[in-house]
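Here are my notes on the model you sent.

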Amino acid sequence: MVAPCDVPVGVITGDNVLKLLQHAKDNGYAIPAFNCTSSSTCNAVLEAAAKYNSPVIIQASNGGAQFGIGKSIKDKNACAAGSVAMAMHVRTVAPYYGVPVILHSDHCAKNLLPWFDGMLEADETYFAQYGEPLFSSHMLDLSEEPDEENIAICVEYFKRMAPMKIWLEMEIGITGGEEDGVNNEDVDPEKLYTSPEQVYSVYEALSPIGSMFSIAAAFGNVHGVYKPGNVTLQPERLLNHQAYAKEKTGSSSDKPIFLVMHGGSGSTDDEIATAVKAGVVKMNVDTDTQWAYWDGTRKFVAENFDYLQGQIGNPKGPDAPNKKFYDPRVWIRKAEESMIERCGVSMEKLGSKGTFTVKKPADGSLPVYNFKPVSHNPLKDAVEGVSKMVAGVMGK
């Protein structure tokens, strides 16, 4: 039995994110990161975390954020605003579930950097008011760019994020398949495997700035429900990345790098376990929970078909009302219940189930508006502190 990590409940940021992910790496489990597109899916993930005693990561993709604000909104800041709206919802409700939550944004390709900039602007504004960023972490996915450009852009953004202690996730090497408009179905199979040298080059560039970063290294993984016909998943390659980094840095740890797994759909339990043993602390889950959400609705409709053909009229009589069946709160709840169970499957496979004892607040103890501004400017203090640290490291 793993001793729970001593972090607060609700959205965690900064040192608590590092503490939780280090706890996961040290104790051989990974935290599932679920893509959410609505308050309903966020709530389902939070309920699952409480039910299965697990920390959890809630993440927004660019497309999910667009859906969150409304598909009809075409403003250039729509996706950033949609992400912020989801973040504020999670921050408001998460403490009631009694589990720690990492609030994250998913794949950001080069053409989506304005979205990333908008979220960072929100982080900075929130940090100045409340002493912590709005989000816990963000991901840059510049894997389609040359490695040098990929890493250089990550370095510049990490310098901006470090003063707020925002975790950076980056990707080097390409995850196959298709997700959220990024299509790598026809990519060269060799690009689906990242080399130890590539991984270490990221570590070498980012570590002088800070320790709060993770690397999504490709090892043949694929987004979606299909597998590439000529590619084999090879999670054992991740052990080579760790061994190479240990040798280069002289680290006392066998797993000096925080790794992330994408494209887990269709992976075997053994492949997932091997990845976690190699230092994977986060695995993205989207396709399977999308199906689970729909499947809960599908089953409800199939079981109650005759009560869903009109507002009035069902097997009980031509004038019998059907409101108790078509009320969205009824069938959406069935979708949530199905998604909750599938979230639990991921928590079981990744070993996070049972690693945190739920700490639900006493009834009525939480303030309804749980946001307390600080009197000084923590962003200015943090920027000055990190600037001095980086200058000192670079001057050695």
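**Notes on the predicted model**

1. The largest nonpolar core has 81 residues, and among these Ile58, Val90, Leu206 and Ile215 touch the most other members. Helix 5 (residues 113-130) gives this core its largest share, nine residues. A nonpolar core here is a set of buried Ala, Val, Leu, Ile, Met, Phe, Trp, Tyr and Cys residues joined through side-chain atoms within 4.5 Å. Buried means under 20% relative accessible area, exposed over 50%, and partly exposed in between (1.4 Å probe, protein chains only). Helices (H or I, at least four residues) and strands (E, at least two) are DSSP runs, numbered from the N terminus.

2. Another core, of 17 residues, lies apart from the largest one; Val7, Ile12, Val17 and Ala24 are among its residues.

3. On the basis of the notes: this is a predicted model, in which local features need pLDDT of at least 70 and side-chain atom pairs count only at pLDDT 80 or more, while totals for chains, interfaces and linings use all residues. Residues are numbered from 1 along each chain as its sequence is written, and side-chain values use heavy atoms, with hydrogens and water left out.

4. Which residues does Val90 touch, not counting residues up to four places away in sequence? They are Val11, Cys42, Ile58, Pro95, Val101 and Leu103. Contact means heavy atoms within 4.5 Å.

5. For the protein as a whole, there are 13 helices and 13 strands. Of its 396 residues, 51% count as buried. Among contacts between residues at least 6 apart in sequence, 73% join residues at least 24 apart. The protein exposes about 18,000 Å², and carbon and sulfur atoms supply 53% of that area; accessible areas come from the Shrake-Rupley method with a 1.4 Å probe, and for residues only the protein chains shown count as cover.

6. Eleven aromatic pairs turn up in a search of the whole structure. Rings of Phe, Tyr and Trp (its six-membered ring) pair if their centres lie within 6.5 Å; planes under 30 degrees apart count as stacked, over 60 as edge-to-face and the rest as tilted. Tyr200 and Tyr244 make an edge-to-face pair, at 5.9 Å centre to centre with 75° between the planes. This pair links distant parts of the chain, 44 residues apart: Tyr200 is in helix 7 (residues 196-206) and Tyr244 in helix 8 (residues 237-249). Tyr200 is buried at 12% relative accessible area, while Tyr244 is partly exposed at 23%.

7. Tyr307 and Phe325 form a stacked pair, 4.5 Å centre to centre and 25° between the planes. Tyr307 lies in the loop between helix 10 (287-303) and strand 12 (312-314) and Phe325 in helix 11 (residues 323-326), so the pair ties together parts 18 residues apart in sequence. Tyr307 counts as buried, at 18% relative accessibility.

8. One aromatic cluster is made up of Phe158, Tyr200, Tyr203, Phe213 and Tyr244.

9. Most residues other than glycine have a negative phi. Asn53, not a glycine, has a positive phi of about 50°; Asn53 sits in the loop between helix 2 (39-51) and strand 3 (56-60) and is partly exposed at 28% relative accessibility. Lys165, also not a glycine, has a positive phi of about 55°. The loop that holds Lys165 runs between helix 6 (147-161) and strand 6 (167-172).
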